[in-house]
Amino acid sequence: MGNGWHEWPLMVFTVLGQCVAGGFIAMALALLYGVKDKAVRKRAELLMVVLWILMGIGFIASILHLGSPLRAFNSLNRLGSSALSNEIASGSVFFAVGGFWWLLTVLGKMPQALSKVWVVITMILGVVFVWMMSRVYLIDTVPTWFSVWTPLSFFLTMFIGGPLLGYLLLSAAGVSGWGMRILPVVSLLALLVSMVVVLMQGMELATLHNSIQQASALVPEYGSLMAGRMVLLVIALVGWIVPQLKGSRPGVGLLTLAMVLMIAGELIGRGVFYGLHMTVGMAIAS
């Protein structure tokens, strides 16, 4: 039994990776359709470096989990047949393609027509990356992970944290407009769905067991941990949304605090996820 904190490198990698994928999509859509001022656009493009820094931190954490960089390269040996190889490959491609687009754009070497196609491809690669990440954990011998809740939870993190990360960087660049008001709505809807997922998964855990233990006993603090997670996410959203309801925009400092709280909340949820690891033995649903 445990809370999964020993898997902190994977917690950091998955949460940051999903937030970056969502953040890139939010920023890319804004740059494609909502930013006309050249100076503002340039600032937004420069601030996208934060996405790639966070992605880099995530990959460093994943290497720490593997033990050495050499193992990271070896993990690509079964590309196509191994979910882990596919995850690392898809993440690396997303990182490389997006980072190269960003570098050429900042240097002014990216043709505008090609840039739009490149951005769309990178957005698709981000979605593929999150899907491949979830596939790693869809293991039929781990009944607590082998369910729709795993990919749904991973994509919900992308839709909860990604819009806020994108909004933070766009706001810091001075981007405004109706499109910015959509991002909090996306995160709010994702949070509501996430609450339902927590309740549904909690009920399902009570039906899973193997010859040794009950799934619900793996993380005895499941309820309190998930409640704490939701509190952090709600506080983050309140700090983000309430100023807008009052007719003003939240400051960069407040948005940064909201992002920290959101990442903390998602790390708690991911820790619970890893704590729910239970090999089959003779796992059955009662």
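The structure is a predicted model, and every value given below was computed from it. Two packed helices are described by the angle between their axes and the distance between the axes, and the helix pairs below are presented in that way.

**Helices α5 and α6**

- Helix α5, which covers residues 83-106, and helix α6, which covers residues 112-135, have axes that come within 8 Å and cross at roughly 155°.
- Because of that angle, α5 counts as roughly antiparallel to α6, and the crossing of the two helices is left-handed.
- On the α5 side the contact is made by A83, N86, E87, S90, G91, V93, F94, V97, G98, F100, W101 and L104, while on the α6 side S115, W118, V119, T122, L125, G126, V128, F129, M132, M133 and R135 take part.
- Sorted by class, the residues of this contact between α5 and α6 comprise 14 nonpolar, seven polar and two charged ones.

**Helices α1 and α7**

- The axes of helix α1 (residues 8-33) and helix α7 (residues 149-173) come within 6 Å of each other, and they cross at roughly 50°.
- It follows from this angle that α1 is oblique to α7, and the crossing of α1 and α7 is right-handed.
- From α1, the residues V15, Q18, C19, V20, A21, G22, G23, A26, M27 and A30 meet F154, T157, M158, G161, G162, P163, L165, G166, L169 and L170 from α7.
- The contact of α1 with α7 contains 13 nonpolar and seven polar residues, and no charged residues.

**Helices α7 and α9**

- Helix α7 also passes helix α9 (residues 222-245), with axes that come within 12 Å and cross at roughly 35°, and this crossing is left-handed.
- The residues that make the contact are I160, P163, L164 and Y167 on α7, together with R229, L233, W240 and Q244 on α9.
- Divided by class, the contact of α7 with α9 has six nonpolar residues, one polar residue and one charged residue.

**Aromatic rings**

- The model contains 19 aromatic pairs, counting rings of Phe, Tyr and Trp whose centres lie within 6.5 Å.
- One of these pairs is formed by W52 and F95, which are stacked, with 6.1 Å from centre to centre and 20° between the planes.
- W52 belongs to helix α3 (residues 49-66) and F95 to helix α5, so this pair ties together parts that are 43 residues apart in sequence.
- W52 is buried, with a relative accessible area of 7%, whereas F95 is partly exposed, with a relative accessible area of 25%.
- Ring pairs also link F13, F24, W52, F59, F94, F95, W101 and F129 into a cluster, and among these residues F94, W101 and F129 also belong to the contact between α5 and α6.

- L255 lies in helix α10, which covers residues 252-275, and L255 counts as buried because its relative accessibility is 0%.
- Leaving aside neighbours within four places in sequence, L255 is in contact with L164, Y167, L168, S171, W240 and P250, and among these L164, Y167 and W240 also take part in the contact of α7 with α9.
- L255 and L165 are 90 residues apart in sequence, yet their C-alpha atoms are 8.6 Å apart in space.
- S194 is found in helix α8 (residues 178-205), and its relative accessible area of 2% means that S194 is buried.
- Not counting residues up to four places away in sequence, S194 touches L156, I160, R229 and M230, and of these I160 and R229 are also part of the contact between α7 and α9.
- S147 is placed in the loop between α6 and α7, and at 15% relative accessibility S147 counts as buried, because the limit for buried is under 20%.
- When residues up to four places away in sequence are not counted, S147 touches L138 and E204.
- A96 has its place in helix α5, and with 48% relative accessibility A96 counts as partly exposed.
- The C-alpha atoms of A96 and N86 are 15 Å apart in space, and the two residues are 10 residues apart in sequence.

Key:
Residues are numbered from 1 along each chain as its sequence is written. This is a predicted model: local features need pLDDT of at least 70, side-chain atom pairs count only at pLDDT 80 or more; totals for chains, interfaces and linings use all residues. Side-chain values use heavy atoms; hydrogens and water are left out. Axes are lines fitted to C-alpha atoms, for helices over the stretch in contact, and angles run from 0 to 180 degrees between N-to-C directions. Helices (H or I, at least four residues) and strands (E, at least two) are DSSP runs, numbered from the N terminus. Angles under 35 degrees count as roughly parallel, over 145 as roughly antiparallel, 65 to 115 as roughly perpendicular and the rest as oblique. A crossing is left-handed if the near helix is turned anticlockwise from the far one by less than a right angle, and right-handed if clockwise. Contact means heavy atoms within 4.5 Å. Ala, Val, Leu, Ile, Met, Phe, Trp, Tyr, Cys and Pro count as nonpolar, Asp, Glu, Lys and Arg as charged, and the others, Gly among them, as polar. Rings of Phe, Tyr and Trp (its six-membered ring) pair if their centres lie within 6.5 Å; planes under 30 degrees apart count as stacked, over 60 as edge-to-face and the rest as tilted. Buried means under 20% relative accessible area, exposed over 50%, partly exposed in between (1.4 Å probe, protein chains only).
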